[in-house]
Amino acid sequence: MDTDQLIRTLAADNAHRAPRVGALLTTGLLVAAPFSILIFATFLGVRPDVMTAMHNPFFDTKFAVTLSLAIPAIIISLHLSRPEALMRGWGWLLLLPVGLLAVAIGSEAMMAPAMPMTMRLVGKNSRWCMLAIPAMSLPLLAGALFGLRHGAPSRPAQAGALAGLLSAGLAATLYASHCTDDSPLFVATWYTIATAIVTAIGAAVGSRVLKY
Amino acid sequence: MRGREDEWTDLMRSAMAGDDAAYHRLLKAVTPVLRAAARRGLARAGQPPDQAEDIVQEILLAVHLKRHTWDSEAPFAPWLFAIARNKLIDALRRRGRRVFVNIDDFAETLPGETPQETASAGEVTAQLNTLPQRQRDVLQSIAVDSASIKDTATKFAMSEGAVRVALHRGLAALTAKLRDH
């Protein structure tokens, strides 16, 4: 086929309209969410003392941290789905959860400690946390990659890592309502490790499936 | 140079608004620029320039299938060159070379130095033959026989909608095969 013929064929297909990447990312996440919620409802569930926990600012901080990861990651992953887009100028958004955690750790350190530091750090759920967050992330990660496949990222591994961050952020939001460890030290350690695992998976899978 | 790129942006806006002729003109207009850049990339990698047409066709297919990622408020050229650069790097890597492709390779092309001929390429043709029968028939009818969608529908006793679906699926499958082969 010569190039003029190909051009004529492409022009004949001009009427085809693809949905926006954001629409497919939303669809992917909405289809995946019930699977993550099913894992949550089957194995975890909301902690029984949630009504009292809501009065604890460190319980609420967990949601601020996880959502301040998930929402910027969604925004950046959509930005990166354009071929000419760069990470430059956008990466600072990912420092939001880090900053929040730093402030929370600082304010906890200034209060009279309810528990010794090692107990706050290790908590009661560290192993569950490292298992549950990645497990609930995987359906969301698949949904996110499905949506982002529709884009044209210049760095597929980077875009995949962002998909990992956003699904880990969403899964950690669910997990935060189950976990009774509210210390920012616990969150900074175990949530971060769980997020890193999911991000690495996202980058590895993304480098293959997000190539266009 | 600015004038040329503004013209591309205008054509692409018309194309996205449904003007098939504008889209055709745009693809014709960018092809010599892509071809010159592909030749330069191959030359720098020590590869024969006769594979340039394969790369041009791969870029055109990617442009077509990813055009919904173009923001109609933004200029068209940076978007186009980003896709072209990505595809050129991929193509050279597949041929076993790692080269740095400068974005200026595209932007600095002067209209005078661009060869105008259209050339045939082997890869698209080879992959075309691996498509399902119906998609291949439709693509061949429109590409090689220059038939319209309507004529193609009549020829194969299909609805126009079915021809459009087969056409788009065929192009998408072709692109996937070129990327993964």
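This is a predicted model: local features need pLDDT of at least 70, side-chain atom pairs count only at pLDDT 80 or more; totals for chains, interfaces and linings use all residues.

Colleague: At what angle do the axes of helix α1 of chain A and helix α7 of chain B cross?

Modeller: Residues are numbered from 1 along each chain as its sequence is written, while chains are lettered from A and ligands numbered from 1 in the order in which they are written. Helices here are DSSP runs (H or I, at least four residues; strands are E, at least two), numbered from the N terminus, and axes are lines fitted to C-alpha atoms, for helices over the stretch in contact, with angles from 0 to 180 degrees between N-to-C directions. The axes of α1(A), residues 3–12, and α7(B), residues 133–143, come within 8 Å and cross at roughly 110°.

Colleague: Are α1(A) and α7(B) roughly parallel or roughly perpendicular?

Modeller: Angles under 35 degrees count as roughly parallel, over 145 as roughly antiparallel, 65 to 115 as roughly perpendicular and the rest as oblique. With a crossing of roughly 110°, α1(A) and α7(B) are therefore roughly perpendicular.

Colleague: Which residues of α7(B) does α1(A) meet?

Modeller: Contact requires C-beta atoms, placed from the backbone, to lie within 7 Å. From α1(A) come Gln5(A), Leu6(A), Arg8(A), Thr9(A) and Ala12(A), and they meet Leu139(B), Ile142(B) and Ala143(B).

Colleague: How many nonpolar residues are in the contact of α8(A) with α9(A)?

Modeller: Helix α8 (residues 156–176) and helix α9 (residues 184–209) of chain A pack at about 145°, with axes 6 Å apart. Ala, Val, Leu, Ile, Met, Phe, Trp, Tyr, Cys and Pro count as nonpolar, Asp, Glu, Lys and Arg as charged, and the others, Gly among them, as polar. The contact of α8(A) with α9(A) has no charged residues, eight polar and 14 nonpolar.

Colleague: How far apart are the end C-alpha atoms of residues 21–43 of chain A?

Modeller: An unreviewed UniProt entry annotates residues 21–43 of chain A, among others, as "transmembrane region"; such annotations may be inferred rather than shown by experiment. The span is 100% helix and 0% strand, and its end C-alpha atoms lie apart by 33 Å.

Terms used: Two residues are in contact if their C-beta atoms, placed from the backbone, lie within 7 Å.
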